[in-house]
Amino acid sequence: MGTTQLETVPEPKYWHLKTVLGEALDSDFAVGEILPNERDLAARFGVARATLRQALEQLELEGRLQRRRGVGTTVAPPRVGVDVSTAQHEWPGATKDAWQLMDCAVAAAPGPVARLLESSTDDEVHVVRRVRVTHGQSVAAELLYVPASSVPELSAIAGASGPVRARAVLRELQRLALDSQDRAVELGSARADDAKELDRLPGAPVLVVTTRYIVEGRPAAVSVATYRADTCRLTFGDSGDLEISEHPEERRAS
């Protein structure tokens, strides 16, 4: 990675530096490789560290870099495609599902989720927690809310917990004939629990994908998945359908 003269460039210094760094990432670095520290990079390009940080932040937002606690700034792998179309209707846990089961608990439905389920906030639901991992890193965290009425046979395993109960919930859901699903996407900021799960700082940009599963004309489950905006991109499948929520109250509440 060589030096460059920035003083005569009409665009902002950090923006030009971002372009130069981006070209260097393509030619000089491999996925997962750690960049030199900020002091060395700033000296190499003859810029202030504040200018360098702006350039690095832009590259991070574009998914080119990742800042990992205890590691440093590394070259990011290709972004994970997030299919937001509803052309194919499948329950979570179906064939080729990329998610890993983590836990399952019984809790009261949060207000926004209860409204999506058309139920009361006093009604308890099964909350299945899952994560999606790529290149050894968590890129998304999901909470799947399932009313007890959707999986009545679970009373037979009342004593089960954790992944065992989570698998049972998904298994019972897959017995139901799924009519349709609707999906909404919005840009958000990582809350403390999301940030910890995704190895991000609180407030980092995330994509929140909310999916409602319909059986016999009524909501049978709601999924709220939080994706790292720096490592994921939206895809639309063949249908190209997408609903963008403009109502903050419909965001994840857990």
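## Starting with a definition

A polar contact is a pair of N or O atoms within 3.5 Å; within protein, one must be able to donate a hydrogen and the other to accept it, and residues adjacent in sequence count only if both atoms are side-chain atoms. You can find one at the start of helix 2, where the backbone nitrogen of Arg 39 has a side-chain oxygen of Asn 37 within 3.2 Å.

## About the model

This is a predicted model, in which local features need pLDDT of at least 70 and side-chain atom pairs count only at pLDDT 80 or more, while totals for chains, interfaces and linings use all residues. Residues are numbered from 1 along each chain as its sequence is written, and side-chain values use heavy atoms, leaving out hydrogens and water.

The average pLDDT (the predictor's confidence in each residue, from 0 to 100) is 82 for the chain, and 85% of the residues score at least 70. Over residues 242-254, pLDDT stays under 50. Where pLDDT is low, the predicted coordinates should not be read in detail.

## Helix 2

Helix 2 covers residues 38-45; helices here are DSSP runs of H or I with at least four residues, strands are E runs of at least two, and both are numbered from the N terminus. Glu 38, Leu 41, Ala 42 and Phe 45 are buried, meaning under 20% relative accessible area, with exposed over 50% and partly exposed in between (1.4 Å probe, protein chains only). The buried residues of helix 2 pack against helix 1 (13-28) and helix 3 (49-61). On the other side, Arg 39 and Ala 43 are exposed.

## Thr 231

Thr 231 sits in the loop between strand 9 (218-228) and strand 10 (232-235). Thr 231 is buried, with a relative accessible area of 2%.

Key. Contact means heavy atoms within 4.5 Å.
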